[in-house]
Amino acid sequence: MPMNRPVATALAAALCLLTAACGSSSDGKAGDATAEAAASKTGYPVTLDNCGQKETFDKAPGRVVVMNGASVAEVSTLLALGLGDRIVANQQSYGNSEVPGRAEAIEKLPDGGVKQNDAFDVPRETMIGLRPDLVLSTTAYGFDEKNGFATRDQLKDVGAHSYVSPQGCDQDTSKMTIADSYRLLRDMGKVFNVSDKAEELIAASEKKIAAVADKVKGEKKPRVMVLFSNMSMGGNDFSSVVAKGIYNDILAEAGGANAFENASEGSFADLSKEKVAATDVDALVVIGYNDPDPAAYAEKLLKEFPQWPAARNSTYVTLSDSMYLGPSNDLAVEKIAKMLHPDAL
């Protein structure tokens with residue numbers, strides 16, 4: 001088994017102190033200055049406090065495994081930062097994207113020959129065999145041993161760093177906002193020493209969202225139903241209806257409000273057809289997760305509930321990755337705002 005990286009670092013530091021070989025003066029000040037200058041030049045070491053666990057990087061990772069987690073946040077963030085060549089195994093895909101070429105770029109990434117386990121992700125033995133130096137997971141679920149995954153400690157033992165995306169520590173994404181998408185970009189920018197690129201993407205996104213929000217300010221906020229097409233997450237007819245999370249932040253910036261925000265304390269509501277029928281819905285946002293025709297689902301839904309204002313006006317938009325944690329939330333804000341407030345934009 002290779003030496004644990006933190007242990008090796010500590011050993012090197014101890015030898016350095018014993019031999020006085022790391023500096024040119026007896027008090028160590030010159031050595032400290034040299035080390036600080038080198039760190040400033042390379043951008044390393046970088047330490048992140050991630051879910052209460054410190055991860056220190058002394059160089060940019062070169063073998064990244066992106067776990068599934070029903071997300072595209074992590075793989076999209078890496079691609080947006082120009083880091084696709086660092087990925088040795090990607091398990092994420094929505095099948096489509098609001099970013100031109102993004103879905104195709106994801107499709108071309110290596111999958112590492114992974115045979116997913118019953119939790120639809122990378123099993124422990126397979127993960128270790130991939131020899132990663134960084135593993136990304138949307139939530140802490142991806143490092144839970146009882147689900148058949150490699151734990152963060154087990155990954156550390158084989159020299160691999162691990163990272164849980166913002167708001168994923170307790171597996172509750174109901175408090176997620178657009179700011180968390182920016183945090184993910186910033187964290188990956190630091191880890192891979194591309195912080196300038198991360199800040200450039202963040203600034204551009206903030207500028208676009210602010211421009212849209214300014215145009216719809218003061219407009220009446222239509223009640224929007226957000227749900228994933230052809231997906232079941234519970235026992236009722238409508239179990240993929242969004243209640244809370246980053247979706248609501250996006251709706252607010254676009255000049256809308258979630259019609260089902262109070263239907264659940266968690267991210268999703270599990271609703272009966274009667275509950276859905278009794279709620280006024282002014283517009284639909286249908287998220288296509290590996291669905292080749294989410295528009296057909298939207299049209300079917302509008303026919304099923306003709307009493308909705310959304311049905312009378314055929315008011316809907318289909319989206320995919322821009323509605324989720326990731327680098328493209330500005331596209332969702334813009335598209336939803338154009339649907340809700342066409343005269344303002």
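**Reading the fold**

Tutor: The protein has 13 helices and twelve strands; helices (H or I, at least four residues) and strands (E, at least two) are DSSP runs, numbered from the N terminus. This is a predicted model, in which local features need pLDDT of at least 70 and side-chain atom pairs count only at pLDDT 80 or more, while totals for chains, interfaces and linings use all residues. Residues are numbered from 1 along each chain as its sequence is written, and side-chain values use heavy atoms, with hydrogens and water left out.

Student: What percentage of the 345 residues is buried?

Tutor: Buried means under 20% relative accessible area, exposed over 50%, and partly exposed in between (1.4 Å probe, protein chains only). Here buried residues account for 48% of the 345 residues.

Student: In which order do the four strands of the open sheet lie?

Tutor: Two strands pair if DSSP finds at least two bridges between them. The order is S4-S3-S5-S6, with parallel pairing. Strand S4 (87-90) and strand S6 (161-164) each have a single partner strand, so one side of each lacks a neighbour in the sheet. Within the sheet, strand S3 (residues 64-66) and strand S5 (residues 134-137) pair over three bridges, and Val64 has Leu134 in S5 as its bridge partner.

Student: Which helices lie across these strands?

Tutor: Angles run from 0 to 180 degrees between N-to-C directions, and axes are lines fitted to C-alpha atoms, for helices over the stretch in contact; contact means heavy atoms within 4.5 Å. Helix H3 (residues 73-80) lies across S3, S4 and S5, at about 135° to S3. Helix H7 lies across S5 and S6, at about 165° to S6.

Student: How does H7 pack with H8?

Tutor: H7 (residues 178-191) and H8 (residues 195-216) pack at an angle of about 165°, their axes 7 Å apart. That makes H7 roughly antiparallel to H8, a term for angles over 145 degrees. Residues in the contact include Tyr182 and Leu185 in H7, and Leu201 and Ile202 in H8.

Note on methods:
Parallel < 35°, antiparallel > 145°, perpendicular 65-115°, else oblique.
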